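Please look through the model below before reading the numbered points.

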Amino acid sequence: MILTGAGVSAESGLGTFRDVDGLWSEYDLEDVATPQGYARNPKLVLDFYNARRANLLSATPNKAHQALARLASQHDVTLITQNIDDLHERGGSDDVIHMHGSLVESLCTSCSDVRDWREEMTSDSTCPQCKTVGSIRPNVVWFGEMPYHMERIEQVLPDATLFVSIGTSGAVYPAAGYVAACKQFGIPTLELNLEPSDNAFLFDEGRYGPATDIVTRWVDEMILAKIGNA
Ligand code: NAD
């Protein structure tokens, strides 16, 4: 079971959240990542995600995304991401659990329609399903909202044989709690991150450096070990 965060996409040019130069040094989380912020100023929120979507559409997957897709072609991998980008998919992974939703999808607050959406969103955007004007928001999970796919993750977790956390600061729950849950089930745990996260002390092992380097090396090791055991 692999959990990824913003760090896996950092070398593709997408900003992380809590690093010194991260998105939260420029924007107030309460303004752009809560339902209350959206109710107060929808234009600010839509513009924030429009800018991030435009940035994403010009970004490309990096070696870490590609390595994880390679791993899944050899091992039974459940890939869970907190990222709202689609770089895992574009890097070759085909079953990605997006617990915080997707920046390239819309959600209609009127009829709950979810669909692929790559253009700008404005307060005049019309829901293609129910035709309501102004009901379209990004299909991303904001603070105070329930993450997606919780049931599926809770089902998979106890059966994992290894839990690997990649490029996440371990600050946002429930994802931050998976390492402790895995330990309770006796599942070995590994952290791959630029630097030790807040939860580093909970992991059995930690390897630190840029994701394109350490993830690629770890995947190569896993694939070689499988070939060696075959
Ligand atoms: P984060 O910014 O908190 O942490 C990123 C981690 O990646 C850090 O530990 C950092 O050391 C590491 N890192 C940076 N560059 C790296 C690299 N090149 N290689 C490897 N690691 C690198 O991001 P997070 O942990 O993903 O945050 C948790 C989640 O909270 C986010 O993924 C996001 O879904 C959610 N969130 C969402 C919003 C929103 O807009 N809806 C707002 C805030 C947080």
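1. In this predicted model, the axes of helix H4 (residues 63–74) and H8 cross at roughly 15° and come within 8 Å. Axes are lines fitted to C-alpha atoms, for helices over the stretch in contact, and angles run from 0 to 180 degrees between N-to-C directions. H4 is therefore roughly parallel to H8, a term for angles under 35 degrees. Helices (H or I, at least four residues) and strands (E, at least two) are DSSP runs, numbered from the N terminus.

2. On the H4 side, the contact (heavy atoms within 4.5 Å) includes Lys63, Leu68 and Gln74. On the H8 side, Val215, Trp218 and Lys226 are among the residues involved. The residues of this contact divide into 10 nonpolar, three polar and four charged; Ala, Val, Leu, Ile, Met, Phe, Trp, Tyr, Cys and Pro count as nonpolar, Asp, Glu, Lys and Arg as charged, and the others, Gly among them, as polar.

3. Helix H8 (residues 211–229) also lies across E1, E7, strand E8 (189–193) and E9, and runs at about 145° to E8.

4. Those strands belong to an open sheet of six, in the order E3-E2-E1-E7-E8-E9, with parallel pairing (at least two DSSP bridges between two strands). Strands E3 (96–98) and E9 (205–208) are at the edges with a single partner strand each, so one side of each has no neighbour in the sheet.

5. Strand E1 (residues 2–4) pairs with strand E7 (residues 163–166) in the parallel sense over three bridges. Thr4 has Ile166 as its bridge partner in E7.

6. Residues are numbered from 1 along each chain as its sequence is written, and side-chain values use heavy atoms, with hydrogens and water left out. Local features need pLDDT of at least 70 and side-chain atom pairs count only at pLDDT 80 or more, while totals for chains, interfaces and linings use all residues.

Conventions: Parallel < 35°, antiparallel > 145°, perpendicular 65-115°, else oblique.
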